[in-house]
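This briefing is meant for a reader who is meeting the structure for the first time. Please look over the sequence and the model below before reading on.

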Amino acid sequence: MALYSLSIWFLLLLLRDNLFAARLEPYDSLYDSGVQAYYRGDWQSVILSMEKALLNRELLRRHRISCRIQCDRSTAGFTDLPLDWGPVQDLTFFQRLMDRAACLRRCEGEKIGAQSTYYLTGPELELEFTKRSPYNYLQVAYFKVHKINKAVAAAHTFYMANPDHMEMRQNLEYYKMMEGVKESDFRDLEAKPHMQEFRLGVRHYTDEESALCIPHFEKALEEYFIANLECRSLCDGPYDYDGYNYMDYNADLFQSITDHYVQVMNCRQSCVSELATQPGRDKPIEDFLPSHFNYLQFAYYSMENYTKAVECAKTYLLFFPDDEVMNQNLVYYTAVLGEQEASLISAREDIKAYIRRSLLEKELLYFAYDAFGIAFVDPDKWTPDTVIPTRLMEKQKAERETAARITEEIGNLMKEIENLVEEKSKESLDLSMGIREGGPVLFDDVSVVMNSKALNGSQRVVTDGVISEEECRELLRLTNKCNAKCFISIGFLFYVTAAAFAGDGYRGANSPHTPNEKFYGVTVLKALKLGQEAKVPLRSAYLYYNVTDKVRRLVESYFRLDKPLYFSYSHLVCRSAIDEKQEDRKDLSHPVHADNCILNAEANMCIKEHPAYTFRDYSAILYLNGDFEGGNFIFTELDAKTVTAEVRPQCGRMVGFSSGAENPHGVYAVTKGQRCAVALWFTLDPRHNERERVQADDLIKMLFSPEDTDLSSGKTKDTTDEGVQKATPSTHSDETGKITDAESITVQSSDSTLEHVLGPPLDSEVKTEL
């Protein structure tokens with residue numbers, strides 16, 4: 001009999017298991033597989049693993065939401081309990097809870113194949129998905145297998161959550177130049193529907209298109225409440241011990257229920273901030289939900305729909321009943337519509353229910369804060385003071401006053417420390433910089449004519465003789481300054497097209513810094529390509545390549561850097577005075593700025609943050625001519641007014657300096673003629689090695705024999721028959737695993753979508769393998 005019962009029990013177990021769906025593959029293991037495939041270069045496996053990780057994580061989220069909402073509705077309601085609640089009713093209450101738990105277990109088993117607690121992951125992995133890291137890997141893998149449209153979408157999705165990511169921004173700029181890439185390819189695959197609709201509504205509202213903005217705001221509200229329900233349902237998870245050692249937690253039944261439920265309510269309240277936060281932003285949009293009705297009341301008024309305007313105004317006043325402007329608007333709408341008719345219009349019922357529930361939760365959370373010390377940070381500004389216990393309000397007031405006093409004392413102390421440090425720094429700056437400067441200039445013809453002391457600053461140098469007069473003329477053949485006479489000595493009169501184009505390097509803007517001058521520019525890679533196509537002299541382009549590397553080596557040596565410099569950007573640029581615009585001119589050719597921080601002259605500070613090129617460490621300008629009026633280079637103080645040094649350009653003269661706040665600089669107006677120079681920016685970070693430079697290195701290897709490019713055996717000063725000085729080619733390749741290698745993509749690619757692009761996109765920062 002016992003054996004028979006055991007057999008029946010085992011059979012029931014088998015039947016139960018067969019009702020369960022196939023177990024969903026955990027997304028953390030899929031993510032880990034994708035990362036490993038990335039480092040093997042197995043791009044198809046990266047795509048399969050990362051796509052499935054994203055899919056399974058979303059499926060898990062959807063099934064959790066679905067089951068919790070379904071089971072909540074099927075077992076909801078305690079309204080039928082009698083007023084004289086007692087022990088029997090306690091059992092009824094817990095019966096409902098047990099029914100819900102059984103429902104969840106059954107539902108999740110059917111949809112996921114296991115309880116959702118089986119899929120718990122650590123905070124590190126969740127942070128990777130919050131940062132959208134899978135899309136970072138996917139954009140590289142898609143690019144490698146030539147699925148460009150998918151690569152664009154993945155890159156855009158990642159960038160939306162990481163707007164300070166410089167490499168991805170460069171990748172997106174690169175994708176925009178590719179043939180076949182459409183504007184619609186740049187889409188956010190993780191966009192929140194309610195936020196999308198809200199932003200569209202704001203855009204139309206700003207453009208005074210009331211008829212167009214109303215549907216978007218109404219749809220945004222509809223999507224908001226769907227997202228809010230989903231967010232709140234996901235809070236019903238396991239207890240987070242949050243600082244407790246699991247084994248040491250020994251709360252009794254009612255304390256443990258309280259701890260867990262308070263944590264759940266805290267999570268539900270935090271949905272307010274989560275739904276109001278845009279990707280890539282640290283702070284939520286203030287008063288996000290109420291602001292919908294602020295926009296709507298005015299939009300409906302503009303459409304002369306006073307009934308809806310009254311409804312939205314009254315709804316907004318549920319949040320802020322003392323808002324003076326909205327109360328005035330309501331008085332106006334009521335007068336237009338008629339007091340009797342307006343009195344029949346009430347605020348929206350869903351908002352009334354939302355506020356009622358939110359206030360009940362807040363009351364419980366503030367009570368728990370007061371009674372048990374469980375902290376609660378209210379995400380809403382509209383919460384009335386009556387919700388907060390008096391004792392807690394007084395305690396919080398005292399804490400705020402204490403915190404303000406301590407903050408003030410710390411601030412005063414920090415100012416004193418800053419003053420001491422600044423004074424000490426000023427004393428040691430000249431000495432320390434002097435020690436770092438003054439290295440060998442490597443080339444016999446190069447001489448230092450002004451050092452930091454002569455230039456009244458730090459990390460500054462002016463050298464002459466970097467290139468000869470003949471080499472200056474050779475480089476000017478790449479610019480629009482040179483006419484047909486420049487090319488007679490070559491014997492080919494078809495070199496009449498300059499390599500430099502108006503607005504090149506300035507996103508097509510002919511006058512990017514001043515309307516009184518025109519700017520022409522050309523990069524090393526573009527010059528080499530034009531030389532390859534015989535549109536400009538190839539030896540001029542080759543000289544341009546070699547000279548830029550010569551300057552890099554010179555800067556690296558003179559400033560005694562213990563790490564190599566990498567090219568961040570190189571640009572041959574000419575500034576031409578527009579004759580008819582020079583009268584009474586008072587502006588600069590290039591306003592005072594710093595190269596790796598945002599200069600705030602009024603505050604005498606330079607902020608090193610996006611969108612500045614914060615990775616740039618050293619800069620240099622090599623002048624090609626001096627036959628123009630104005631155009632002197634200047635160093636200034638942080639106020640952008642006090643000039644500390646002035647340099648007159650001439651052929652072969654180079655100004656080198658560190659790129660930070662210590663060296664604000666600008667260019668006086670070019671009032672006559674054309675001023676040409678090679679501008680270079682360098683970085684000590686190999687991750688920011690210029691992708692065009694890597695392409696140029698590869699093109700040089702293809703165009704010239706190893707004997708032409710391998711200069712290690714010869715003297716630095718050797719020159720070719722044509723007088724082109726050779727310098728060791730730049731071979732600083734990226735060692736971080738990024739797709740900057742020539743094998744990733746070449747100009748000669750047979751893939752039609754890649755034919756007209758400059759080079760491959762950079763991969764993002766080095767990944768952390770989990």
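Which residues does Val555 touch, not counting residues up to four places away in sequence? In this predicted model, Val555 is in contact with Leu565, Tyr618, Ala620, Met654 and Phe682 once those sequence neighbours are set aside.

**The nonpolar cores**

- The largest nonpolar core has 47 residues, and the members that touch the most other members are Tyr544, Val551, Val555, Met654 and Phe682.
- At least two residues of this core come from each of several helices and strands, including α18 (469-476), α19 (524-532), β5 (566-577), β9 (618-623), β16 (674-683) and α21 (691-703), while α20 supplies the largest share with ten residues.
- In soluble globular proteins, nonpolar side chains tend to be buried together.

- Strand β2 (residues 460-464) is largely enclosed by the rest of the structure, because five of its five residues are buried.
- Arg460, Val462 and Asp464 point one way from β2, whereas Val461 and Thr463 point the other way, and all of them are buried.
- In a regular strand the side chains alternate between the two faces of the sheet.
- Strand β1 (residues 447-450) runs antiparallel to β2 and is joined to β2 by three bridges, with Val448 standing opposite Thr463 of β2.
- Strand β13 (residues 654-658) also pairs with β2 in the antiparallel sense, here over four bridges, and Val655 in β13 stands opposite Val462.

Technical notes
Residues are numbered from 1 along each chain as its sequence is written. This is a predicted model: local features need pLDDT of at least 70, side-chain atom pairs count only at pLDDT 80 or more; totals for chains, interfaces and linings use all residues. Side-chain values use heavy atoms; hydrogens and water are left out. Buried means under 20% relative accessible area, exposed over 50%, partly exposed in between (1.4 Å probe, protein chains only). Two strands pair if DSSP finds at least two bridges between them. A nonpolar core is a set of buried Ala, Val, Leu, Ile, Met, Phe, Trp, Tyr and Cys residues joined through side-chain atoms within 4.5 Å. Contact means heavy atoms within 4.5 Å.
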